[in-house]
Each structure stands twice: as structure tokens, then as C-alpha cells.
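Biologist: I would like to learn how to read the features of a model like this one. Can you take me through them in turn?

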Amino acid sequence: MTFENAEREKRKSSSPYSTEHMREFHAKVDGYISSNDKFATNKWRLKVCIFLQFHLWVILLLKCFEELLDLFDIDLPLVIDEAMEANIPDPLLWEYTWLLGAIPAICGWMALPKNNRPLLLAFVGGTIALGVIPVIGAAVYLSPDLVEYYTTKKSRVIIFGYPMVPLCFVFFAIAVQVHLFGLYFAKQLLTAWDSKKKKAN
């Protein structure tokens, strides 16, 4: 190989448009797109979890509605009469606590558009304190009633024609899964945001 050919090959290999450089460029682009796709997917999944939590929140709010009307001294005779006919029991402490979990859920929803880390951390902490812990505590508290129901096939409380205790545990099972998946996706997003911030620095 002559000196001119060697110089030409050297310039070609160092060119930004050389095959090696183009391969590196495409690899970086593919990695960036893949990272963004995963990022967007985790955001969407967390939104679904929060959306499902709001549905559960509405269900529990309806159960507690009569007591909340009494608490705030609001008189709606029709609602109270319907609740009495349905034999809806008075809310327990865990139900009031769990309803407060709407606050961190709103924080989580608001955190997503602008990648707000403090709001997402508030979602994580609030979901554990006002979501997971009350539900697990309620499940432990009501477990003797569940054992009694499956032993005797009788429930102390019937609501809308259905035994109350099994309905509660169906609610617990769904709520815990929604919370745990929400926490998982939030953790994934926090890790991705931290990694992105470190790369930017």
C-alpha cells in the first residue's frame, strides 16, 4: 500500500461518516429510542394503576357516604334511607385512612407530565402509609370473620344481598395489587430519572 493510499484510509476511518462511526451512532440512537419507549411505557402503566385506584376510591367513598354526610351535618334523607335499606355498616378507621390515599395518588398523577421527582416520592410514601398499610391491617383485623364465614357459610353483615366479609377481601386483593404495581412502576421511573440526571451532569 502506497503512502497516499494509507493516508486516504486513515482519513476515511477518522471521518464522522465512516462505517464504524455510523454503527456507533445507530447503536446510540437505538438505545435512546429503546430507553424512551420503556420510559413512556412505565409512565402509562403508572397512570393505569392510579386510574384503577380512583375507581376503588369511588367504590369505598360510596360505602362511607352516609357516615360522611352525618360527619359534615349534611341532610340527604333519600341517600340515608337507601343506605339503611342496604344495611351498609358504619365505616371503620382503615376506610377513612385509605380514602386519604387519594392525595398521594393525585401527587403521582401530577408528577408524570414534568417528571417531578418530589411529587412522585410523595406518591410512593403516601401509597405505603395510606394505601398498603391500612389494607393489610384491615385484612388482618377481618381475618377471623373470614375464617368464621368459610366455616359456617354465614356472614354477620349482608350488603346488597351479598356477605360483607368476602367482598372486603376481594377489595383488599385488588387494592394491594394496584398499589404494589404502582409502587413498582414509580420506582422504575425514579431510577430512570436519576440516571438521566447523572448523564446530563
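**Reading the contacts**

Modeller: Start with a charged pair: Arg 156 makes a salt bridge with Asp 145, and their closest N and O atoms are 3.8 Å apart. Arg 156 lies in the loop between α6 (117-152) and β1 (158-159), while Asp 145 is in helix α6, so the pair ties together parts that are eleven residues apart in sequence. Keep in mind that this is a predicted model.

Biologist: What is the general idea behind such a pair?

Modeller: Side chains of opposite charge can pair when their charged atoms come close. In this protein, the count comes to four salt bridges.

Biologist: Which residues are linked with Arg 156 in a network of salt bridges?

Modeller: Asp 145 and Glu 148 are linked with Arg 156 in that network. The closest N and O atoms of Arg 156 and Glu 148 are 3.0 Å apart.

Biologist: Is Arg 156 buried or exposed?

Modeller: Arg 156 has a relative accessible area of 65%, so it is exposed. The cut-off for exposed is over 50%. Asp 145, at 22%, counts as partly exposed. Glu 148 is partly exposed too, at 31%.

Biologist: Which side chain meets Lys 63 in a salt bridge?

Modeller: The side chain of Glu 95 does, at 2.9 Å from N to O. This pair links distant parts of the chain: Lys 63 is in helix α2 and Glu 95 in helix α4 (residues 93-99), 32 residues apart. Lys 63 is buried, with a relative accessible area of 14%. Glu 95 is buried as well, at 3%.

Biologist: Now the aromatic rings. How is a pair of them described?

Modeller: A pair of aromatic rings is described by the distance of the centres and the angle of the planes. Here the count comes to eight aromatic pairs. In one of them, the rings of Tyr 149 and Tyr 150 have centres 5.3 Å apart and planes at 75 degrees, so the pair is edge-to-face.

Biologist: Which residues form one aromatic cluster?

Modeller: Trp 94, Trp 98, Phe 169, Phe 171 and Phe 172 do. A charge can also sit over a ring: the charged end of Lys 47 is over the ring of Trp 109, 5.7 Å from its centre.

Biologist: On to cysteines. What is a disulfide?

Modeller: A disulfide is a covalent bond between the sulfur atoms of two cysteines. This structure holds zero disulfides. Cys 49 counts as buried, at 9% relative accessibility. Cys 168 is buried too, at 13%.

Biologist: Which residues make the nonpolar surface patch of about 300 Å²?

Modeller: Trp 44, Val 48 and Leu 52 make that patch. Leu 52 belongs to helix α2 (residues 19-71). With 40% relative accessibility, Leu 52 counts as partly exposed.

Biologist: Last, the fold. How many helices and strands are in the protein?

Modeller: The protein has seven helices and two strands. Along the sequence, the pattern is α-α-α-α-α-α-β-β-α. Of the 201 residues in the protein, 32% are buried.

Key. Residues numbered from 1 in each chain as written. Predicted model: local features only at pLDDT ≥ 70, side-chain atom pairs only at ≥ 80, totals over all residues. Heavy atoms only, no water. Patch = residues over 30% accessible without salt bridge, like charges linked within 9 Å, V, L, I, M, F, W, Y side chains within 5 Å. Areas by Shrake-Rupley, 256 points an atom, 1.4 Å probe, with all protein chains shown as cover. Helix = DSSP H or I, 4+ residues; strand = E, 2+ residues; numbered from the N terminus. Buried < 20%, exposed > 50% of the residue type's maximum accessible area, 1.4 Å probe, protein only. Disulfide = S-S within 2.5 Å. Phe/Tyr/Trp six-rings, centres within 6.5 Å; stacked < 30°, edge-to-face > 60°. Lys NZ or Arg CZ within 6 Å of the ring centre and 35° of its normal.
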